[in-house]
Amino acid sequence: MNGAEHVKQVVPIRCEGVAVVLLKKSLDLYRVLMLKRAGRMLHNEWCYVGGGIEKGEKAWEAALREVHEETGITEVRLYSANQFEQFYSPMGEYIYTAPVS
């Protein structure tokens, strides 16, 4: 190296939504519900249930609301997976993360 300073680019991370993996046990198998996205983000892609966290809402509250809105299911037990879905937005130059319940 010639002593030139290295400039690092910072990519902001936004956590404004949730993703919910819905599992249902059928006999000895677990089945996962996937939905084909109709909205602007990830249009026509198969994804877990998910959506944005509304102002004043906790992530777990958003998870329950999104499950109900997208599937009509009201009886759900939530567990934190300590995982995040991550999407990079080249247009906005940020990484969008969503905790998975």
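## Fold, core and selected residues of a predicted model

The accessible surface of the protein is about 8100 Å², and carbon and sulfur atoms hold 54% of this area. Accessible areas come from the Shrake-Rupley method with a 1.4 Å probe, and for residues only the protein chains shown count as cover. This is a predicted model, in which local features need pLDDT of at least 70 and side-chain atom pairs count only at pLDDT 80 or more, while totals for chains, interfaces and linings use all residues. Residues are numbered from 1 along each chain as its sequence is written, and side-chain values use heavy atoms, with hydrogens and water left out.

**Overall build**

The C-alpha trace spans about 65 × 35 × 25 Å along its principal axes.

Of the 101 residues, 24% are buried. Buried means under 20% relative accessible area, exposed over 50%, and partly exposed in between (1.4 Å probe, protein chains only). Among contacts (heavy atoms within 4.5 Å) with a separation of 6 or more, 48% are between residues 24 or more positions apart.

As for charge, the mean positions of the 12 positive and 13 negative charges are 4 Å apart. Lys and Arg count as positive and Asp and Glu as negative, with His and the chain ends not counted. Each charge is placed at NZ of Lys, CZ of Arg, CG of Asp or CD of Glu.

The largest nonpolar core consists of eight residues: V18, V20, L22, L35, V49, A62, A63 and V67. Such a core is a set of buried Ala, Val, Leu, Ile, Met, Phe, Trp, Tyr and Cys residues joined through side-chain atoms within 4.5 Å. Strand β2 (17–20) and helix α1 each supply at least two residues of this core, and the largest share, three residues, comes from α1. Beyond four places in sequence, core member L22 touches R31, V32, L33, V49, V67, T71, I73 and V76.

E66 is also in helix α1 (residues 59–71). Its relative accessibility is 8%, so E66 counts as buried. Outside the four places on either side in sequence, E66 touches V18, V49, G50, G51 and G52.

**Strand β4 and two loop residues**

Y30 lies in strand β4 (residues 29–33). Leaving aside neighbours within four places in sequence, Y30 is in contact with L23, K24 and K25. L27 is in the loop between β3 (22–26) and β4, and N44 is in the loop between β5 (35–36) and β6 (46–47).

Most residues other than glycine have a negative phi. L27, not a glycine, has a positive phi of about 60 degrees; N44, likewise a residue other than glycine, has a positive phi near 70 degrees.

The table gives the accessibility of these residues.

| Residue | Relative accessible area | Class |
|---|---|---|
| Y30 | 56% | exposed |
| L27 | 79% | exposed |
| N44 | 43% | partly exposed |

Terms used. Helices (H or I, at least four residues) and strands (E, at least two) are DSSP runs, numbered from the N terminus.
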